[in-house]
Amino acid sequence: MRQIKELEDGLVLMGDECMRLLSLSLKSLVNKDKELAEAVLEGSKKVDENGTRLEEKCIELLALQQPMASDLRFLVTTLRILTDFERLSRYAWDIGKITLRIDTEPMLSQIDDILELYKLVNGMVKDSLKSFVTGDVELAKGMGARDDVVDSKYDAIRRALIDQMVRHPSSIDMASHLSFVAMYLERTADHACIIASWTIYRVTGERVKIK
């Protein structure tokens, strides 16, 4: 069905744009680039608008085409994944807002670990979307183990930031900001797992929760 392919293409573009915005939001934070942060906020709004358009297409197809079996599962899972992408766009927006709030506080060394965490998370989201498009169930099932690695690194960053705040109270504001950024990335990995779970449902019809 041509409309299904168009929806799939739109979903991939939306996922790519979400991760681009997350990357830019981190860049704005590292460089304290408020102009770039404003661009991220604007981009997040456009992602939401695009998501609404894709949702409307899904609903229209469900209502008019009365799809069966795999096409029906594709439309249902696409609607759910659009919600995940809206959350990722929101995380980019939140990080952009942090950039706008910070002033002269010096950046902390833990930002390097956060950027490494982003690389892991970015790979998970891209592979989860790839598994959804290609129907690669094994790739989807591998997300659980990768999420464990992200959780471990997130916990180490969180502990390091708490220690930073205890030892250097003057850095509490920046450490708090970075704690939120790390948490947003950890949650992004959780969404990759959710997308992987929907991939398995799309392909097999089986409901499996990957975490």
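Predicted model: local features only at pLDDT ≥ 70, side-chain atom pairs only at ≥ 80, totals over all residues.
Asp48 belongs to helix α2, which covers residues 34-65.

Asp48 is also part of a patch of negative charge on the surface.

## Leu36 in helix α2

Leu36 is likewise placed in helix α2. Its relative accessible area is 17%, so Leu36 is classed as buried, the cut-off for that class being under 20%.

In sequence, Leu36 and Thr99 are separated by 63 residues. In space, the C-alpha atoms of Leu36 and Thr99 lie 9.2 Å apart.

## Cysteines and disulfides

A disulfide is a covalent bond linking the sulfur atoms of two cysteines. Here a pair of cysteine sulfur atoms must be within 2.5 Å to be counted, and by this rule the model has zero disulfides. Cys18 takes part in no disulfide, as the nearest cysteine sulfur, which belongs to Cys58, is 15 Å away. Cys193 is in no disulfide either; for Cys193 the nearest cysteine sulfur is that of Cys18, at 17 Å.

What is the relative accessibility of Cys18? The value is 0%, and Cys18 therefore counts as buried. Cys193 has a relative accessible area of 2%, so Cys193 is buried as well.

Methods:
Residues numbered from 1 in each chain as written. Heavy atoms only, no water. Buried < 20%, exposed > 50% of the residue type's maximum accessible area, 1.4 Å probe, protein only. Patch = residues over 30% accessible without salt bridge, like charges linked within 9 Å, V, L, I, M, F, W, Y side chains within 5 Å. Areas by Shrake-Rupley, 256 points an atom, 1.4 Å probe, with all protein chains shown as cover. Salt bridge = Lys/Arg side-chain N within 4 Å of Asp/Glu carboxyl O. Lys, Arg positive; Asp, Glu negative; His and termini not counted. Charge placed at Lys NZ, Arg CZ, Asp CG, Glu CD. Helix = DSSP H or I, 4+ residues; strand = E, 2+ residues; numbered from the N terminus.
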